[in-house]
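Please look over the sequence and the model before reading on.

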Amino acid sequence: MTAATKWNARRRRAIQSVFPTDISQPTPHSTPSLRFPEQGQAFGGPLALTPQKGGPSQFFLTSPENNPQAAQQIRFDRSWHVVTSRIALPPSVSAEDSFGSLPNSQDDEDGLFRDALLDVLDPGLRLPFAAHTENILAWHTQQVRLHFVSHVLPLLAVCDDYSDQTQVLLGSIRTLEAAHRQYSFGLSSIFRAMEEDDAELALMKFRRDLHAIVGNSISSALMDALRSVLGHLMKAVLGVSSGDQPRTRERKSVDPDQVDKSRKELHQLVDSLCEVGVAGEKFQILFAELLDGMMISYVREAFAGMWEPNQDLEARARASGRLKIQPKCVRELSDWVENQYARLAVEVTRRLGGGLQVSWTDVGRWKEIAVGRLAALRIDELFDIVISWPSSEGGIDDLRYAVTTPQRRLQLTDAFSATLQRRLLHAGRSTLDILRTYIAMIRTFHRLDHSRVLLDRVAYSLQLYLCTREDTVRIIVTGLLASPEEVGSEARNTKLVELVELLVQDSDQYRSDRQDEDWDDLDWIPAPVDAGTNYRRRKSEDVIGTLIGALGSPEVFIKEFQSIVGERLLSEQTGFDREVGVLGLLKKRFGESSLQACDVMIKDIEDSIRLDGVIHRGAVNHPDKVNRDWTIHARILSRLYWPEVGEERFHLPSDITEMQKMYETIFERLKPSRKIKWLHHLGQATVELELEDRTILEKVHTYEAAVITAFSEENSSSWAFDDLWMKLEMDEDLLTAALDFWEKKHVLRRLPDNTYVVVERLSHAEQPSSLEMAQSSNVAAVDTAPATPRRAKSGISEKEKEKRQVYWQFIVGMLTNSSPAMPLGQISMMMKMLIADGFPWSNEELQEFLGEKIADGEVEVVGGKYKLIKK
């Protein structure tokens with residue numbers, strides 16, 4: 001006996017312990033008797049057991065001719081033996097689809113078998129005195145169960161070990177089909193002697209029991225194989241690409257012949273599964289899961305990234321008179337669900353039977369589910385849709401159609417807010433990119449939801465983050481002041497040029513929005529159910545107003561606008577038409593009074609140009625008081641209307657000082673009630689330097705010109721830093737900046753003893769300076785002379801000192817009442833929130849101010865946080 005035979009024997013015993021085999025076996029050809037028969041006695045034995053109803057059973061010996069009960073019992077036993085021996089299943093198998101050869105069906109036509117079958121089927125009518133009778137259908141069902149467990153399940157386990165999923169499924173189906181042929185043969189033999197209605201009922205019960213056994217015996221390997229094969233066929237029928245194919249933006253063409261072939265194979269597979277009993281509850285669950293997965297895959301493959309604008313959407317809405325018109329993607333998806341998805345479901349469920357039917361209500365629900373899946377896809381793509389606007393208008397139309405319930409609106413805002421935090425609101429993105437994305441958000445969300453409820457939800461975190469960026473306001477103002485010619489140029493990389501065109505559009509729309517509501521507006525819709533208490537409907541996008549509102553208050557924007565306009569007015573720019581035009585548009589939004597200072601600033605420049613010409617003509621008329629060419633020009637500013645620019649005092653060359661005095665004299669003669677206060681650090685000068693081997697012509701700041709002029713004096717070709725600082729009485733920062741400027745121009749050279757000399761020849765400048773050596777070697781102590789101590793800033797006006805004192809009081813209050821220690825960023829953020837006029841300092845300026853307080857012993861830094869020193 002081999003090891004495999006021993007294992008099969010032990011397995012059979014284990015199975016028989018669970019499934020008992022105490023059923024009737026075929027009756028032997030001879031019935032044993034307690035004694036030998038007498039001469040002339042019929043064979044079969046006189047032993048008979050005749051139970052008496054209502055009394056105890058008695059054993060007795062009698063002759064069959066005298067006892068009809070024994071004769072009929074013997075006849076039933078022999079008929080039972082004939083029938084069961086004919087329909088008995090083979091005890092063993094040797095191949096997966098061979099359970100022994102089927103008996104010859106012609107044997108069923110002989111009279112002996114038919115009479116025996118009639119006796120077994122209806123013993124109550126044919127053998128009324130037979131005491132022990134059994135149900136042949138129940139016996140056959142029981143032997144089918146034992147045979148399935150003992151012989152079919154081992155063969156199915158062999159099929160599960162195949163490497164190919166298709167072979168696993170086909171092998172299992174062939175095995176089950178062969179078993180069904182054996183089981184059906186015996187059943188069909190029994191049905192030959194039964195009435196048609198009774199045979200049909202018996203067949204239904206037998207199949208139900210057999211399918212239950214098969215369905216509960218399906219292994220996980222067979223289910224995996226069925227999932228793989230069925231899923232592949234469903235993908236081919238529904239036009240879903242396989243997972244191993246590369247994903248492309250273009251939809252692949254579908255071959256109708258291939259689809260029909262796959263559909264037929266799918267139908268044959270389902271029919272085979274139904275015949276062998278595998279198409280039960282597990283299969284129905286599997287089919288539903290595959291259908292759901294096919295819908296998800298199709299939506300993502302067919303519509304991911306398909307955001308083309310729907311050109312005819314508005315026209316079709318007006319023509320049909322309906323508010324909601326299906327966009328192109330939604331329309332195509334609905335057609336696919338109705339013509340492909342629902343058709344496949346109907347074809348499969350019709351073959352499954354069992355009362356499964358697909359109604360039009362189910363198709364409508366599937367369409368709603370598909371639109372919801374499309375909405376989920378568009379929500380995942382919303383950030384990419386925003387940054388691709390306006391070429392992604394079709395994606396917004398899909399969302400506008402699908403996102404209609406408060407639950408989906410909340411899902412959209414939550415998902416988009418999380419995407420903003422992950423992809424935009426971090427240090428790796430520039431302020432220009434964030435503002436450009438914000439503009440696209442305003443426009444896309446206005447198209448998605450005119451109520452702006454969704455925009456207010458997702459933009460709050462972005463607005464807070466923009467307040468922490470120091471250059472936010474400046475970038476917005478610079479974009480408003482950009483010229484229309486810069487829209488399509490490389491200036492887009494550094495400026496928010498989109499605001500140039502939006503300014504004109506938004507100003508007109510903003511003015512119309514401020515008017516009373518049109519009660520005869522035919523496009524009026526009620527407020528959304530998730531709108532807040534202060535909800536107010538807006539008809540326009542109002543990008544400019546939304547950007548300015550993100551800054552916290554209009555005063556912050558106006559103050560920065562005044563500062564940038566002041567810088568432009570003081571530059572070498574000749575015309576200011578752009579500034580005047582932007583100012584006029586902003587007046588429509590903020591009013592005349594808010595921008596009155598800008599009007600005064602522009603008027604000052606215009607008056608300065610005219611007055612400067614008058615003063616120059618006056619100087620020409622007094623040649624005795626001007627002993628050289630008149631080369632000074634001034635712009636006279638109204639102190640109360642211009643932004644605070646500070647004051648940096650230093651000595652100018654004597655000839656420049658004389659011209660300034662002459663300028664003041666003529667001005668005071670023209671304007672007796674006004675006096676001039678020169679702001680040296682804001683001036684510009686044109687310097688021409690004649691060296692031994694070259695001539696340099698540069699337009700520089702006044703303090704840079706004053707520094708290089710000191711080197712042009714007699715016997716002054718070299719200056720020590722301290723000596724030059726004492727001569728010019730210039731702020732240390734300005735002096736250092738001026739010396740570095742001329743050193744980069746190879747006009748001055750710094751020596752190791754902190755002395756600067758003029759470079760007369762470029763060959764001398766090719767030698768590395770001490771500053772360059774210090775930067776390359778990262779050594780702090782290159783100079784042999786001691787470093788110049790840091791000096792306090794000079795030239796701070798009284799107004800600036802008052803502001804600094806107010807800021808310090810705020811900082812002391814925060815460190816006393818709010819938190820004993822704060823980092824620099826938190827202090828800056830709270831200052832911007834608490835100070836009504838805005839906090840103009842950058843983090844670097846605030847850090848420098850706190851550094852001065854550290855030097856004064858007011859605060860200290862512990863663990864990167866500032867705290868007051870207890871005294």
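## The loop residue E692

Where is the place of E692? E692 lies in the loop between β3 (684-690) and β4 (695-701), strands being DSSP runs (E, at least two residues) numbered from the N terminus. E692 counts as exposed because its relative accessibility is 53%, the term exposed meaning over 50%, buried under 20% and partly exposed in between, with a 1.4 Å probe and protein chains only.

Leaving out residues up to four places away in sequence, E692 touches E760 and R761, where contact means heavy atoms within 4.5 Å. Although E692 and R761 are 69 residues apart in sequence, their C-alpha atoms are 6.2 Å apart in space.

## Basis of the model

The model is predicted: local features need pLDDT of at least 70, side-chain atom pairs count only at pLDDT 80 or more, and totals for chains, interfaces and linings use all residues. Residues are numbered from 1 along each chain as its sequence is written, and side-chain values use heavy atoms, with hydrogens and water left out.

Neighbours within four places in sequence aside, F445 is in contact with L382, V386, L412, F416, L454, L455 and V458.

How values were computed
Helices (H or I, at least four residues) and strands (E, at least two) are DSSP runs, numbered from the N terminus.
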